[in-house]
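Student: Could you walk me through this model? I'd like to start with the packing and then jump around a bit.

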Amino acid sequence: MLSGTIDAGYRERARRVIPNGMYGHLSAARLGDGYPQFFARGKAARVWDIDGREYIDLMCSYGPILLGHAHPEVDAVAAEVAARGDVLNGPGPEMVELAEVLVDQVAHADWVMFAKNGTDATTLAVLTARAATGHRVVLVARGSYHGIAPWCAADDAAGMTPEDHANTVFFDYNDLASVEAAVAQAGIDDVAAIVCTPHRHDVFRDQEPVDPEFARGVRACCDRVGAALILDDVRCGLRIDPRGSWESIGVRPDLSAWSKSLANGYPLAALLGAEPLREAAGRIWATGSFWFAGAPMAAALTSLRIFNEIEGVELMRASGRRLQEGLAAQAASHGLRVRVTGPPQLPLLLFADDPEFDKVLHWARACARCGVYLHPVHNWFLSTAHDGATIDEALARTDEAFREMRQTYGAD
């Protein structure tokens, strides 16, 4: 078991005062032996747990780290703004400046609202769509994750009621016929929005690129029934395309939800919208005591400037390809069949003939023991700190994990 004595002690203390000792997607209990729960620090593309073990980090805190952990320039700007008083009776000038930058950068955006996390942003999008259309029903792809709000939670989620899901109808991603069936089920005059992720990145399955015809078809369907198209760019925003993740295929949403990578680890989310929905956005009640803090917005301004100056998308894409190709070659050299999917900036590896995901969990735990932190069934994230040398070092470590897999399971 990798977990060290300090980590084990904090887990025991946590169980006394925190439900299950930890909750949500950062719970190491879901990952089992081989994963630490508590971390001490991060720097660039590496993190250290509280027992001092170092890992090359391929999760980037599940997405927020865009330029690398503890980026000195970003942290310095955030500290400077925080020193004047971060949470005041109103926002600082950074709010306006950041909104201007995002409107200028994101092709479909004419206005911006800020919040703190992805659930805030997606839920504000749904509220705006309902206010604008006067309709109730939201269409969501089965298996897609859009946050923890009742409208998008799983039907069997603890604490939810059937009424919480009364106005949510599901369709299958990349299946236009399924979308049309969902519209019919909802009622053509009662669809407020169709919500899509930029590509299919559900857990426990290969990632799947969006079919451009599907994206165009969803756009046309929204126009036909008077619904808003919401693009959930919380996970993909900036890493795929700083202009919006569907801009390259020529499909622009009415609303898009952003968070994670906006401020390189500082808590921030944004709802971006087109002009026709401005008035509706102004009518919904949207607020939070911590939403307008200046330090995260200053961090976002600096992060966006640096990211664009260094052509961050291309840097991550090149490193991601190096990683994906290296992993595929390693697996083949050990006689193991794997599938490496997703955009290079957000890769995922799963094993063939692994219906219970035992193999990939074993491999992921072996990677952690070898000093590479990744997730067995959730897509990974790269940052601009993952240069070629770091990727090569990670591959040297994953090769050891593949060697262990060959010894345990044999060749395919």
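Predicted model: local features only at pLDDT ≥ 70, side-chain atom pairs only at ≥ 80, totals over all residues.

Student: Which residues touch the most other members of the largest nonpolar core?

Tutor: Trp-363, Leu-374 and Trp-380 do, in a core of 40 residues. A nonpolar core here is a set of buried Ala, Val, Leu, Ile, Met, Phe, Trp, Tyr and Cys residues joined through side-chain atoms within 4.5 Å, and buried means under 20% relative accessible area, with exposed over 50% and partly exposed in between (1.4 Å probe, protein chains only). Among the elements that give two or more residues to this core are helix H9 (312-333), helix H10 (358-370) and helix H11 (388-409); helices (H or I, at least four residues) and strands (E, at least two) are DSSP runs, numbered from the N terminus.

Student: And what does Trp-363 touch?

Tutor: Leaving out residues up to four places away in sequence, its contacts (heavy atoms within 4.5 Å) include Leu-327, Phe-351, Leu-374, Trp-380 and Phe-402.

Student: Switching to the sheet: what is the strand order?

Tutor: The order is S1-S2-S3-S13, in an open sheet of four strands with mixed pairing, where two strands pair if DSSP finds at least two bridges between them. Strand S1 (39-43) and S13 stand at the edges with a single partner strand each, so one side of each has no neighbour in the sheet. S1 and strand S2 (residues 46-49) run antiparallel and are joined by four bridges, and Gly-42 has Val-47 in S2 as its bridge partner.

Student: Is helix H8 largely enclosed or left open?

Tutor: H8 is largely enclosed by the rest of the structure, because 13 of its 16 residues are buried. Just after H8, Glu-311 takes a positive phi of about 55 degrees.

Student: Last topic: how many disulfides are there?

Tutor: The structure holds zero disulfides, a disulfide being a pair of cysteine sulfur atoms within 2.5 Å.

Notes
Residues numbered from 1 in each chain as written. Heavy atoms only, no water.
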